[in-house]
Amino acid sequence: MRLIRESGGGKVPARPARVASAAVTTSFGLAVLVAVGTLTNQTVLIPPLAATTAIITATPESPVAQPRHVIGGHMLSCLVSFVILTLGWHGPWAAAVACGAACGLALLVKAAHPPAMATAVMIMLTDPPADRFVPLLAVGALLLVLVQMLSSRLQREVYPTSWW
């Protein structure tokens, strides 16, 4: 089975260097989140950030992998979710509403990032304390972007292709 990626409207084999880089950078990025979590005694490694890591390491040129989308998408989903929690809505029905609202808002401000929709659902289902969760999510998303920037620099590739 050959690994493929999209490029300029066609499918081309994924370069072995890209595959290796994505695997190593994904593991390293998530290990950074584990280390931060260990140092702060907080959970920073959450499933939406793991999905984010896969996107930015495997397809760093993708619009949804750019910092505006990664950081902005997660923070918008976070904002929408905590507003809905403040209104007293909780649980799976509220998660569906939060996810839809976050998706619409992210598209409106051009900061769509699919894993951020999972952030909205996670917040609605777990009701974490905002004063701890929001900073950890922001730091986590920023660290993943910085890890990909470092990886790209080491490989002499361009990331990000745009900040805003």
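**View 1. Cysteines and the search for disulfides in the predicted model.** No disulfide (a pair of cysteine sulfur atoms within 2.5 Å) is found anywhere in the structure. Cys78 takes part in none, and the nearest cysteine sulfur, that of Cys99, lies 14 Å away. Cys78 is buried, with a relative accessibility of 2%; buried denotes under 20% relative accessible area, exposed over 50%, and partly exposed the range in between, computed with a 1.4 Å probe and protein chains only. For Cys99, the closest cysteine sulfur is in Cys103 at 6.6 Å, which is too far for a bond.

View 2. Thr53 is located in helix α2, residues 47-58; helices (H or I, at least four residues) are DSSP runs numbered from the N terminus. Thr53 is buried, at 2% relative accessibility. Leaving aside residues up to four places away in sequence, Thr53 is in contact (heavy atoms within 4.5 Å) with Thr25, Thr26, Leu30 and Leu144.

View 3. Leu87 belongs to the loop between α3 (67-86) and α4 (91-108) and is exposed, at 56% relative accessible area.

**Notes to all views.** The model is predicted: local features need pLDDT of at least 70 and side-chain atom pairs count only at pLDDT 80 or more, whereas totals for chains, interfaces and linings use all residues. Residues are numbered from 1 along each chain as its sequence is written, and side-chain values use heavy atoms, without hydrogens and water.

Conventions. Helix = DSSP H or I, 4+ residues; strand = E, 2+ residues; numbered from the N terminus.
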